[in-house]
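Colleague: Could you pick a single part of this model and give me a close look at it, along with whatever surrounds it?

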Amino acid sequence: MNPLIEILDQTQTHMERHVHIFLNRLSVIFFTVATLILISIFLQTPETCIPANSPIKPHHKFPRSTCDFRPRQFVSIEKRNKRLWSTDDWKKKVASYAGFFSDLGLLTDRSRVLCVSAGAGHEVMALADQGIKDVTGVELVEVPPLVSRADPHNLPFFDSVFDVAFSAHFDEALFPERYAREMERTVRGGGECVLAVEECSDEAAKEIAGLFGRSRFVGAANVSLIGLRKTRIVMKQTQDYRLYLSSWLSLKCS
């Protein structure tokens, strides 16, 4: 073997051994520092810790520190709702929806109403307060007792079971065409689909109404709803979905 190559190999081997030793020492140092830090964390008491003899305060809903181990007080749904419904903000929003439905002039105490994407249920409570007994609110997240869990793009209802379907969040839909089709499917022939969307022009309102293929555009008006400028769009169902489906199947089979 060439003496020069042999010297280079020995030098490389020597350097690799030193690097390996250095990395081992570095790992030991890091491990030691991490261990000391963990020990200090376990031994020290956080400055934010609430003293053990501190009286329980009603506003302490969640632990203020890692040492605050007191169990959280369970609050029933009824008590939580009572607290929420008594706030001024809730009452104002319910009153705003009540005015919206009163101005609409489509509902009676026998109307069957579906509120799609009902959020916390302001519109459901507003309708119930007006004496409408058959009101159903749905949202992706259940909010009992006002709102049940359901996907607005795949509503768990039979065809043509509601007189009116309403949504104040149609412009937030991921799939507007499917959203509109599901609202329309659940409304009987002669019933109405009502939307409250971000304020827009008549042309834009008619374009939105065009997504409701089996409904006739009745009209649009700018309104104020829960302190926001909205456009109310009303469409009347021109054909019962079951009749539409029957006609469609007849055409497909002929």
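Modeller: Helices here are DSSP runs of H or I with at least four residues and strands are runs of E with at least two, both numbered from the N terminus. Residue numbers start from 1 along each chain as its sequence is written, and side-chain values use heavy atoms, leaving out hydrogens and water. The model is predicted, so local features need pLDDT of at least 70 and side-chain atom pairs 80 or more, while totals for chains, interfaces and linings use all residues.

I'd go for α3. It has 17 residues and spans 24 Å from first C-alpha to last, close to the expected 24 Å (1.5 Å times one less than the number of residues).

Seven strands form an open sheet with mixed pairing, in the order β3-β2-β1-β4-β5-β7-β6 (a pair needs at least two DSSP bridges). At the edges sit β3 (147-149) and β6 (215-225), each pairing on one side only. From one strand to the next, the twist averages 20°. Within the sheet, β4 (162-167) and β5 (187-198) run parallel over 5 bridges, and Ala165 has Cys193 in β5 as its bridge partner. Helix α3 (88-104) packs on this sheet, touching β4, β5, β6 and β7 (228-237), and its direction makes about 140° with that of β6 (axes are lines fitted to C-alpha atoms, for helices over the stretch in contact, and angles between N-to-C directions run from 0 to 180 degrees).

Which residues of α3 are buried? Trp90, Val94, Ser96, Tyr97, Phe100, Phe101 and Leu104 are (under 20% relative accessible area; exposed is over 50% and partly exposed in between, with a 1.4 Å probe and protein chains only). They sit on the same side of α3 because they cover an arc of only 155° around the axis, taken from the directions from the axis to the C-beta atoms. Over on the other side, Asp88, Lys92 and Asp103 are exposed.

What do those buried residues pack against? Besides β4, β5, β6 and β7, they meet α2 (77-85) and α4 (122-129), contact being heavy atoms within 4.5 Å.
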